[in-house]
Structures are given as C-alpha cells and as structure tokens.
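Let me put the model up on the screen and then talk you through it.

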Amino acid sequence: MKKIKYIVFSGLLVLGFQNCSPQGFSQVSPQAAAGIADAGDGAQTVCNPFSNSQSSNSSDCSTGDGLLGNVYYFLKGVGVQNYIDLGILLPIYVQMSDLNIPQRSWVDGFPGPNGVKLTQADGTDLNEYFALNLKGYLQLNSSYPSGAYEFAISSDDGAILNIDGQEIVNNDGTHSLAWACSGQSVQLTQGTKHNMQVRYYQGPRIYIALQVFWRPASMHNKPCDSTGGWSIVPAELLSH
Ligand SMILES: [Ca+2]
C-alpha cells in the first residue's frame, strides 16, 4: 500500500493517506469552484465525511452536487474565522451534499481520500479542532416560490451562514448543541444562483452537529428551535 505522510509545522499534525477501498470519495475539479482556496497539487475531495454510521446523510455526492470547501486544523482554535485565518489548510477538499448532520458522537474521525482517516501528530484520529469553509449556490427550483425566507443553524460547535455576501445566521463559538436563527429574512428568487457560504468548526471532541434550516418568512413568529416549523435546506437546491 502506498502511504504518504504530511508533517506540518514541526509535527503538529500528521495526515496519513493510503490507497484503500473508497468511502464517500469522488473526483471533482475544485479549481472550477470560485472562491475555494487551492489545497495543493493532487488534493482530492472527500465526499460527505460525516456520513459514516449516519443514516440521514448519503455517501453519494451527486445530488445537486452540494457545497465544496476547504478544511483547516487549528489546535484549540475558537471561532470559525479564527481557524480559517490562523489554521493549517489541509491538503483535501470537502464536498457536502446537504447540511444535515444531527448531533452525534463522532469518535470515528475524519476520513481522508480513499477512506483512510486523517490523524493528528500523536496518532489519534482527527476528530476535533478543525473547521470547514464551504461555498456554493442556493437556487430555488419550480417547487419553491420566490419570496422571503428565514434560516437557522443547529450546530456543535460554531457555524455561520452567509447568503449573497451577507451574514444571515451566526451560531459561532465553542459550545454544545445550540440553535441560532436569522434576525432578518432573505429575499430569494427562483432560478437565481444565490451565493451561499457555511463556515463550521468542531472544537473539542467528541460531539458534532451541523444542520442548516429554512422556512418561509411568514412563519417568523414561530420559535427558534425544533418546534419552529423549520426544514433542512433541500440538497437538490445546493450546487457549486
Ligand atoms: Ca464539539
């Protein structure tokens, strides 16, 4: 088996890649996705890395193509932009078909290309202190009318949603499962590709969660929690 090790910043982080059986892996051209940092020559894309042992996420990346992004490692970082600004850019891309990870124990760690886990310098699985910067488009199809929508995030740890360059939901910070909802509605137009960015980080292990919800703005008076009539933003509307 071929094995390549990356030793970054004096052994702070070691990533082990091997050619083994694939788990949620797909070939994509990251260069085609505007706004994604170049993760280096030969960087491959891991598809739905949080889908192992989870029924609500498919390991198939083909539905709508989802969002694409970079992964950063920053030991004991706090706040998503802190990771992106100061963390180590890992030599992989992540593609997520949807944003629907209910809170779960995630001891399995981060799958790398070809299903081989990424590990930290001490040999333990990379299951904490990493961030995702995901980008792409939200485009309403004929099933969803143009109009005002509200958004919400349920996450563990922090996450921020931007649409068309505006910060819509801020659930940032190191915390256990928590909800945050948009303070303002967003006007979406059928057929228009609205820019969408989701920044997320997993602070201390072992629990993770990242769910991005929406609802018509007419439901504004309902609660900002699981009883508020929220639905997961449909995977079919996400692309990059
Ligand atoms: Ca956590």
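What you see is a predicted model, and local features need pLDDT of at least 70, side-chain atom pairs count only at pLDDT 80 or more, while totals for chains, interfaces and linings use all residues. Residues are numbered from 1 along each chain as its sequence is written.

On confidence: pLDDT is the predictor's confidence in each residue, from 0 to 100. The chain averages 84, and 81% of the residues score at least 70. Contacts here mean C-beta atoms, placed from the backbone, within 7 Å.

Now the overall build. We've got 1 helix and 17 strands; these are DSSP runs, H or I of at least four residues for helices and E of at least two for strands, numbered from the N terminus. Among contacts between residues at least 6 apart in sequence, 70% join residues at least 24 apart. And 42% of the 240 residues count as buried. Buried is 20 or more other C-beta atoms within 10 Å of the residue's own, exposed is 12 or fewer, partly exposed is in between, again with C-beta atoms placed from the backbone.

On to the core. By nonpolar core I mean buried Ala, Val, Leu, Ile, Met, Phe, Trp, Tyr and Cys residues joined through C-beta atoms within 7 Å. The largest one has 57 residues, and Phe130, Phe151, Leu161, Val169 and Val198 have the most contacts inside it. Which strand gives the most to this core? That's E15, residues 207-216, with 6 residues. The core also draws at least three residues from each of domain 1 (3-134) and domain 2 (137-195 + 206-239), with bounds from an automatic or database domain assignment.

Zoom in on Val169. Leaving out neighbours within four places in sequence, its contacts include Phe151, Ile153, Leu161 and Cys181.

Then there's Tyr200, over in strand E14. Tyr200 counts as buried because it has 29 C-beta neighbours inside 10 Å. Ile160 is 40 residues away from Tyr200 in sequence, but 6.6 Å away in space, C-alpha to C-alpha.

Most residues other than glycine have a negative phi, and most peptide bonds are trans. Where are the cis bonds here? One joins Asp156 and Asp157, with omega about 10°, and Asp157 is in the loop between strands E9 (147-156) and E10 (159-163). Another runs from Arg205 to Ile206, omega near 10°, and Ile206 lies in the loop between E14 (194-202) and E15.

Lys76 has a phi of about 60° and lies in the loop between strand E5 (67-73) and helix H1 (80-86). Buried or exposed, then, for Lys76? Exposed, with 9 other C-beta atoms within 10 Å. Tyr129 also has a positive phi of about 60°, in the loop between strands E7 (100-105) and E8 (130-138). Tyr129, though, counts as buried, with 21 C-beta neighbours inside 10 Å.

That's me done, thanks.

Methods
Two residues are in contact if their C-beta atoms, placed from the backbone, lie within 7 Å.
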